[in-house]
Amino acid sequence: MDIVIYGSQYGTAKRYAEELANRTRFVLKSYEDVEDINTYETIIYIGALYAGGVMGMKKTFKNMKDCENHRIIIATVGLADPSDKENTDTIKNGMKNQLSKEVYDKAMIVHLRGGIDYSKLGFKHKTMMSMLYKKAVTLPEEKKTAEVKAMIETYNKQVDFVDFNSLDSIIQEL
């Protein structure tokens with residue numbers, strides 16, 4: 001059996017996961033509803049970048065046994081442009097802290113562009129984003145990463161960079 005698992009804070013990762021599950025006819029579940037990751041042959045994890053990590057990814061893969069018997073694809077969903085190598089390197093470094101070396105080395109990693117709607121953010125997240133924004137705008141230009149620039153450009157707005165065509169690389173891998 002094959003599965004698409006998602007970890008979504010505000011719905012963008014879930015939208016990608018639903019689209020991919022429709023195209024592949026794989027089972028679709030939130031990471032919170034997956035009981036035993038080891039029962040699936042192909043595991044596609046689509047997770048939102050949130051608070052310096054990939055939402056739900058660590059919990060999802062922590063009990064994986066013998067990852068050699070599984071095909072693993074992990075897609076991150078964030079605001080910054082995934083074609084920017086500096087951005088994807090930062091994401092991958094964060095992922096290494098959430099995954100075992102075996103799972104990280106086995107996984108095909110894909111980066112998808114998401115979106116944000118500040119009107120849907122909870123109080124805690126809005127406060128955190130406000131503090132990050134205030135700090136980001138004071139940074140010297142040469143210290144602003146792609147992720148920081150994306151956050152500044154989209155602050156307090158509703159933006160949607162979802163592109164279902166970006167799922168094609170995952171479909172081709174399958």
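**Entry 1: the largest pocket**

I asked which element gives the largest share of the lining of the largest pocket, and it is α5, with six residues. I'm working from a predicted model here. The space in this pocket comes to about 1000 Å³. I counted 44 lining residues, and those closest to the pocket centre are L49, Y50, L79, M129 and E147. Sorting the lining by class gave me 22 nonpolar, 16 polar and six charged residues.

**Entry 2: the cavity**

Rolling a probe the size of a water molecule over the atoms shows where empty space is left. How many cavities of 30 Å³ or more are there? I got one. The volume of the largest cavity is about 30 Å³.

I then listed what lines this cavity: L49, T76, G78, A80, P82, N87, I91, H111 and L112. Three elements supply at least two lining residues each, namely β5 (71-78), α3 (85-96) and β6 (108-113).

**Entry 3: strand β1**

Is β1 enclosed or open to the outside? I found five of the six residues of this strand (residues 2-7) buried, so β1 is largely enclosed by the rest of the structure.

I checked the strand partners of β1 next. With β3 (residues 42-50) I see parallel pairing over six bridges, and V4 sits opposite I44 of β3. With β2 (residues 27-30) β1 is also parallel, through four bridges. Here I3 faces V27 of β2. To get from β1 to β2 the chain passes through helix α1 (residues 12-24), and I have this β-α-β crossover down as right-handed. A reminder to myself for reading residues along a strand: in a regular strand the side chains alternate between the two faces of the sheet.

**Entry 4: helix α6**

Which residues of α6 (residues 146-154) are buried? My list is A146, V148, A150, M151 and T154. I followed these buried residues to their packing partners and found α3, β7 (115-117), α5 (123-137) and β8 (158-160). Two of these partners were already in my notes: α3 from the cavity lining and α5 from the pocket lining.

Key: Residues numbered from 1 in each chain as written. Predicted model: local features only at pLDDT ≥ 70, side-chain atom pairs only at ≥ 80, totals over all residues. Heavy atoms only, no water. 1 Å grid on protein atoms, 1.4 Å probe; cavity = no way out; pocket = protein on both sides within 12 Å on 5 of 7 lines; lining within 4 Å. Points joined across faces, edges and corners; volume = space filled by probe spheres on them. Buried < 20%, exposed > 50% of the residue type's maximum accessible area, 1.4 Å probe, protein only. Contact = heavy atoms within 4.5 Å. Pairing = 2+ DSSP bridges. Right-handed = clockwise from strand over helix to strand, strands pointing away. Nonpolar A, V, L, I, M, F, W, Y, C, P; charged D, E, K, R; others polar.
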